[in-house]
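Hi everyone, thanks for coming.

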Amino acid sequence: MVTLRQLRYFETLSRTRHFGMAADQCAVTQPALSMQIKELERELGIELVERRGNVVTLTAVGQEIAARAEAILADVRELAECARQQNGVLTGSLRLGIIPSVAPYLLPSLLADAERAYPSLELLIRETQTDTLIEELVRGDLDAALLALPVQNAQLETLALFDDRFLIAVQAKAARDWPADDPQARLKRERLLLLEEGHCLRDQALQFCSIANVQMRKALGAASLTTIMQMVAAGHGVTLLPELCADSEVDRRRVALIAFPNDPPRRTIGLVWRRSSVRRADFEALGKLIVARREEGSSSS
């Protein structure tokens, strides 16, 4: 009889295409995983993989079985979640993904709030870039993700939580030269310091600034906002900084923040989850907790 364990091992192998990596992700030895895959092949009477050492190539029918295994495992997870809902809102574990330009500025206080309000909740956090979070969410490796909207995926549902306006961060001693009535015109002439490719914050900055200069786009691809803010403080360029990040990232002695006078650019932060999930009540409750934390943080800053 085909078992859920076999399907889980095979689904993991189909994603990683590597026996060693699949075994690590399933927390078993490589021989144990390989044995279960062979058992699955015997049960189905077909060859699922072509073995070349650790490297794996799926057969044509193996690709079909992998897709079906993923769907079956997703249904099993939804079944378990449905049963868990009988214990009340935000109980048990919840796997939450979060983008790097939100995580360090919201997460510490959010975890403390969640522990006080929902002591039976175990939040498991995964911080990485938007594209990876969406892939893992669709696949079922995450329950929800906190990121910048919109998200274009028919399998996902979204809940907008709060708007986060952008400010222009410049070297403090250069701030007096910036026009208060039209800072965006000056911004287009400056060297814009950006996060590296893959960060949604980079794409948003380029979109807001309408940057066409390729050299300006390639000026800097930093891995963190902290690096960018140090570059701004040293006079190597300017950046667009989300207000959420300002208190943590800005040294007011070295960096000045310039606000857009009218209709400032902003990003919308929200929760995303699979439409098939039965945990909507959990996500809405978590959303209220995040909004309350954001409002409290804004009023105290």
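Let's start with a pair of side chains: Asp 113 and Arg 116 make a salt bridge, with their closest N and O atoms 2.4 Å apart. By salt bridge I mean a side-chain nitrogen of Lys or Arg within 4 Å of a carboxyl oxygen of Asp or Glu. Before going on, a word on the source: this is a predicted model, where local features need pLDDT of at least 70 and side-chain atom pairs count only at pLDDT 80 or more, while totals for chains, interfaces and linings use all residues. Residues are numbered from 1 along each chain as its sequence is written, and side-chain values use heavy atoms, with hydrogens and water left out.

Back to our pair. Asp 113 and Arg 116 are about one helical turn from each other, because they sit three residues apart in helix H5 (residues 103–117). Helices (H or I, at least four residues) and strands (E, at least two) are DSSP runs, numbered from the N terminus. Which of the two is buried, and which is exposed? Asp 113 counts as buried, because its relative accessibility is 11%, and Arg 116 is exposed, at 60%. The cut-offs are under 20% relative accessible area for buried, over 50% for exposed, and partly exposed in between, with a 1.4 Å probe and protein chains only.

Helix H3 (residues 30–44) has a pair of this kind too, with Arg 42 and Glu 39 three residues apart. Their closest N and O atoms are 2.4 Å apart. Here Arg 42 is exposed at 56%, and Glu 39 is partly exposed at 30%.

Now for a salt bridge that reaches across the chain. Asp 164 pairs with Arg 267, at 3.0 Å between the closest N and O atoms. This one links distant parts of the chain: Asp 164 is in strand E6 (residues 156–171) and Arg 267 is in strand E11 (residues 266–274), 103 residues apart. Both Asp 164 and Arg 267 are buried. There's also a network, where salt bridges with shared partners join Arg 95, Asp 143, Arg 279 and Asp 282. In total, the structure holds 18 salt bridges.

Let me zoom out. The chain has twelve helices and eleven strands, and 47% of its 301 residues count as buried. Its C-alpha trace spans about 75 × 45 × 30 Å along the principal axes.

A cavity here is a set of points, on a 1 Å grid over the protein atoms alone, where a 1.4 Å probe fits but cannot get out, and lining residues have an atom within 4 Å of a point. Grid points are joined across faces, edges and corners, and a volume is the space filled by probe spheres set on the points. The largest cavity is about 60 Å³. Helix H8 gives the most to its lining, with three residues. The second largest cavity is about 50 Å³, and its lining includes Ile 99, His 199 and Cys 200.

Last stop, strand E4 (residues 121–127), where we find Leu 123. Leu 123 counts as buried, because its relative accessibility is 17%.

Conventions: On a 1 Å grid over the protein atoms alone, a cavity is a set of points where a 1.4 Å probe fits but cannot get out, and a pocket is an open set with protein on both sides within 12 Å along at least five of seven lines; lining residues have an atom within 4 Å of a point.
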